[in-house]
Amino acid sequence: DEERAISARSMEVYAAMVDRMDQNIGRVIDYLTETGELDNTVVIFLSDNGAEGAIVEAMPILGGLIAAQIEQHCDHSLDNLGAPNTFIWYGPRWAQAATAPSRLYKAFTAEGGIRVVGFVTWPGFDRQAQIGTAFATVMDIAPTVLELAGVPHPGTEYRGREVASMRGGSLVPYLSGHSEAVHDDVTDTGWELFGGRAIRQGPWKALYLPPPYGPGAWQLYDLSVDPGEINDLAAAHPDKLAELLPLWDRYVEDTGVILDLYSLFHA
């Protein structure tokens, strides 16, 4: 009964925070409307990666320190939950419910940890009031904003300093209805966190989750028919998995992923 009460109160606190966010975003929209600037404003809203499932204590190096500070300085009695001196999560079960039908939640490279809600609105876009399913990432926002503002990217150098090339693509052609996709089927995108790995190209995604959350081996999913990552196709389509893994190796090389870091932290 005590665990049930704490779980319910934690969800109440979460719901209250969402409601407060909604109210204050509404204040911004109301102000833009009152000043006549709403139709001249592109509004972009997106969630952080995945639902938070109380994973901080498992973070390499800092997890134990953070958990100890929370225990020392916060009052997590039932009646105090949500007060300024609390620091809580609604837990892995609520998190999994929140990301359903996607698999797992924040801190994992499964879809539940990387697929989030996003809204983009502006009268100049043809895809208003539509639910889109085109694959896009947060890396696409910068090129989108630059195109909307009519500002060119500085290229490889700016004021004598090297500039890394942007990895994303503009959302404008898709939002304007001129394209059915943001990225073509040969564009590859990678993720890594806490030993988890993933590489995606088109609808195909290779996923690696370390035990106990996964088998510690590469799995393969066709997200166009299996967004919940239920049916591992690695054995049925070994050729497709073999195509994706070199793309992961290239992602590691391009971004400087240190593959042994997870093992080092958990040794």
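**Close-ups of a predicted model**

**View 1. Strands β7 and β8, side by side.** Strand β7 (residues 204-208) runs antiparallel to β8, and five bridges link the pair; strands count as paired if DSSP finds at least two bridges between them. Across from Q219 in β8 sits L207. Helices (H or I, at least four residues) and strands (E, at least two) are DSSP runs, numbered from the N terminus. This is a predicted model, where local features need pLDDT of at least 70, side-chain atom pairs count only at pLDDT 80 or more, and totals for chains, interfaces and linings use all residues. Residues are numbered from 1 along each chain as its sequence is written, and side-chain values use heavy atoms, with hydrogens and water left out.

**View 2. The open sheet.** Four strands line up as β5-β6-β7-β8, with antiparallel pairing. At the edges are β5 (188-193) and β8 (218-222), each pairing on one side only. Neighbouring strands here are turned by 15° against each other on average, direction ignored.

**View 3. A helix on the sheet.** Helix α7 (residues 238-255) packs on this sheet and touches β5, β6 (196-201), β7 and β8; contact means heavy atoms within 4.5 Å. The direction of α7 makes about 115° with that of β6. Axes are lines fitted to C-alpha atoms, for helices over the stretch in contact, and angles run from 0 to 180 degrees between N-to-C directions.

**View 4. Helix α1 and what follows.** Just after α1, G36 has a positive phi of about 75°.
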